[in-house]
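The sequence and structure are shown first.

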Amino acid sequence: MTTTTLVLLVVSCCFLWLSLSSAAKVVNPQITVMGMVYCDICSNNSFSRHSYFMPGVEVKIECTFKAMATRTAELVSVSVNRTTNKYGVYRLEIPSVDGIECAAEKAVGNSCRASLIGSSSSFCNVPGSTRTTTDEITIKSKQANMCIYSLTALNFRPSKRNVALCGN
């Protein structure tokens, strides 16, 4: 065996060992919490053909995550205000945190909720009659390094229903 072959063998073994040891490492996911806000023009508590997504709406997002630690139970809480983008979407990016995993059930201790703070429209500024806060989460993506929680849409409505547009 030549020196060059021996060096290549050692380098290959080191590379293999490093790649296997990093693959065994637990990667905590980046968590994204998102939802939408729309104007319910016809005040029927659903998105209709006359509804539209609202930019510039202020939303408060509150999340609690149970961190899986070896000897202790830890809770990580986040509370922030966000403004919807031009598509009516609000979003919170939470970088990976040791011990926090993507979980599909509230039973494991992860929960998020969003609440309407204020409308960006003087025409559509009455909070929807069914709720101003949502805590209904759907897991949209659950991958090794990314977890997306989607909250149920929130809505505002006009103070007066447009009978000509929506009927009785």
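## Nonpolar patch

M36, F47 and F53 make a nonpolar surface patch of about 260 Å². Patches are made of residues with over 30% relative accessible area and no salt bridge, with nonpolar side chains (Val, Leu, Ile, Met, Phe, Trp, Tyr) joined within 5 Å and like charges within 9 Å. A salt bridge is a side-chain nitrogen of Lys or Arg within 4 Å of a carboxyl oxygen of Asp or Glu. Areas come from the Shrake-Rupley method with a 1.4 Å probe; for residues, only the protein chains shown count as cover.

The model is predicted: local features need pLDDT of at least 70 and side-chain atom pairs pLDDT 80 or more, while totals for chains, interfaces and linings use all residues. Residues are numbered from 1 along each chain as its sequence is written, and side-chain values use heavy atoms, without hydrogens and water.

## Loop between β1 and β2

F47 lies in the loop between β1 and β2 and is partly exposed at 43% relative accessible area (buried is under 20%, exposed over 50%, partly exposed in between). The loop between β1 (30–39) and β2 (52–53) also holds S46, partly exposed at 32%. Strands are DSSP runs of E, at least two residues, numbered from the N terminus.

Beyond its neighbours within four places in sequence, S46 is in contact (heavy atoms within 4.5 Å) with Y38, D40 and S51.

## Loop between β6 and β7

S121 sits between β6 (111–118) and β7 (124–127) and counts as buried, at 19% relative accessibility. Leaving out residues up to four places away in sequence, S121 touches Y52 and M54.

Technical notes. Helices (H or I, at least four residues) and strands (E, at least two) are DSSP runs, numbered from the N terminus. Buried means under 20% relative accessible area, exposed over 50%, partly exposed in between (1.4 Å probe, protein chains only).
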